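Reader: Please show me the model, and then let us go through the terms used to describe it.

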Amino acid sequence: MATSYKELGLVNTRGMFKKAMAGKYAIPAYNFNNMEQLQAIITACIETNSPVILQVSKGARKYANQILLKHMAMGALEIIKDAGSKIPVVLHLDHGDSYELCVSCIESGFSSVMIDGSGLKFGDNVALTKKVVEYAHKYDVTVESELGVLAGIEDEVSHEKTHYTKPEEVEEFVAKTGVDSLAISIGTSHGAYKFKVEPGQSFPELRFDILHEVEKKLPGFPIVLHGSSSVPKEYVDIINRYGGKLGHTAGVPEDQLRKATHSAVCKINIDTDGRLVVTAKIREVFASSPKEFDPRKYLGPAREELVKMYKHKNEHVLGSAGKA
Ligand SMILES: [Zn+2]
């Protein structure tokens, strides 16, 4: 039997994006695969009074089990209510790669889905997105799609080269598909190795010129940035100090993301930074307490550090704190 997200107490992205656009901030879209990540996300968003998009990838569904993930999200809603908080929550499919996957998520209670046809030809991307939108809108579920291709690796999504979004395509794409938001490629990328930057070199600027062109073609339309982790050096250093071997990592500087929130960018995806925080903390505990073998003693500190990181993003990068 299909579940409606409305019965679960979730919302779609429409109202959230409208407020974010007017208020010049972005909604955090954080991925979760396990209990500690989810706890950290909701604790941070309750404490900062921030709206939140909980993201589940296809890989997360495979790893954690789709039934369990859904019930974890429902549990999160109960905890938020119990805490006396009214922060709005979206449950979103990240990088849906087929119509069937989107339908399955909508049937299981997701309030928003991404259909990623960015690797397809323009016409095929239009056709696939349109099909998903037609189904989703019957249930008042919002749809995100993508034009342009981000470089990098994230779960099952992997591309070697960046293909920037072509502003001349966005108007036709949105008109033909009826999609609710659009992820664009302006230089952000997936994973921990976003740019080929040697130590001491400065980071390349995001292509704000493309973003502004897109804004001009689609006034007031919600734009999404994927691959927007900043890959903080402090966490990479902890990982490498305690036996890790991450090479020349590089992320998107937080001041550039802050700048992007003042535009039509309404949703910013951050996944890699959470992975780095967890790995750094666990390595640190293992190195400093080699006799420890209780998972709570290393997952607990990882969770605590995640809360700090998410609160920092809400307060100082996305500007979503206090906007629930
Ligand atoms: Zn992505």
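Reader: How many aromatic pairs does a search of the whole structure find?

Author: The search finds five aromatic pairs. This is a predicted model, in which local features need pLDDT of at least 70, side-chain atom pairs count only at pLDDT 80 or more, and totals for chains, interfaces and linings use all residues. Residues are numbered from 1 along each chain as its sequence is written, and side-chain values use heavy atoms, with hydrogens and water left out.

Reader: Why is the pair of Y30 and Y310 called tilted?

Author: Rings of Phe, Tyr and Trp (its six-membered ring) pair if their centres lie within 6.5 Å; planes under 30 degrees apart are stacked, over 60 edge-to-face, and the rest tilted. The centres of Y30 and Y310 are 4.3 Å apart and their planes stand at 45°, so the pair is tilted. Y30 belongs to strand 1 (residues 27–31) and Y310 to helix 13 (residues 295–318), so the pair ties together parts 280 residues apart in sequence. Helices (H or I, at least four residues) and strands (E, at least two) are DSSP runs, numbered from the N terminus.

Reader: What makes the pair of F286 and Y298 edge-to-face?

Author: The angle between the planes of F286 and Y298 is 70°, with 4.7 Å from centre to centre, and angles over 60 degrees count as edge-to-face.

Reader: What makes H95, H190 and H226 donors of the zinc ion?

Author: Donors are N, O and S atoms within 2.8 Å of the metal (3.2 Å for Na, K and Ca); water is not among the atoms, so sites may look incomplete. The atoms NE2 of H95, NE2 of H190 and ND1 of H226 lie 2.1 Å from the zinc ion, and these residues are therefore its protein donors. H190 is buried at 2% relative accessibility, as is H226 at 1%.

Conventions. Buried means under 20% relative accessible area, exposed over 50%, partly exposed in between (1.4 Å probe, protein chains only).
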